[in-house]
Amino acid sequence: MNKFFSFFAVSNRYKHLIGGFIVATLAGSFYAAVYAAIVAASSLELKDHLYGNSRDWTDWLCTLLSGIYVFKWWVALCQFNRVMVRDFCI
């Protein structure tokens, strides 16, 4: 279990997961969630690069995968409650 937590402590990966969770929660469709997660991941990596740190593709991938995971979870929750995801779109 320590390896799991130490993996997310390196390079602030937990912040990348939180960023992916937030943008995917606010997205209205799967493609919007993926696009928003890609933009958030790229922005976080640009911030890391501008602060003089190296770019880390694992951080980028964590952000993207957390965005996809949250949207899939949201779809499953909507199907459980028999609500269409498109009903939430603006």
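Accessible area here comes from the Shrake-Rupley method with a 1.4 Å probe. With that in hand, hello everyone, and let's look at this predicted model.

The accessible surface of the protein chain is about 6,500 Å², and carbon and sulfur atoms hold 68% of that area. The chain has 90 residues, and 31% of them count as buried.

Now the fold. We have four helices and zero strands, so to speak an α-α-α-α pattern when you read along the sequence. Please also keep the contacts in mind: among those with a separation of 6 or more, 62% join residues 24 or more positions apart.

Let's go inside. Which residues make up the largest nonpolar core? There are seven: Ala24, Ala27, Ala33, Val70, Phe71, Trp74 and Cys78. Helix α4, residues 57-80, gives the largest share of this core, with four residues. As background, nonpolar side chains in soluble globular proteins tend to be buried together.

And now to the outside, where there is a nonpolar patch on the surface. Its members are Tyr14, Ile18, Ile22 and Leu26, and together they have about 430 Å² of accessible area. Let me pick out Ile18, which sits in helix α2, residues 13-26.

Technical notes:
Residues numbered from 1 in each chain as written. Predicted model: local features only at pLDDT ≥ 70, side-chain atom pairs only at ≥ 80, totals over all residues. Heavy atoms only, no water. Core = buried A, V, L, I, M, F, W, Y, C linked by side-chain atoms within 4.5 Å. Buried < 20%, exposed > 50% of the residue type's maximum accessible area, 1.4 Å probe, protein only. Helix = DSSP H or I, 4+ residues; strand = E, 2+ residues; numbered from the N terminus. Contact = heavy atoms within 4.5 Å. Patch = residues over 30% accessible without salt bridge, like charges linked within 9 Å, V, L, I, M, F, W, Y side chains within 5 Å. Salt bridge = Lys/Arg side-chain N within 4 Å of Asp/Glu carboxyl O.
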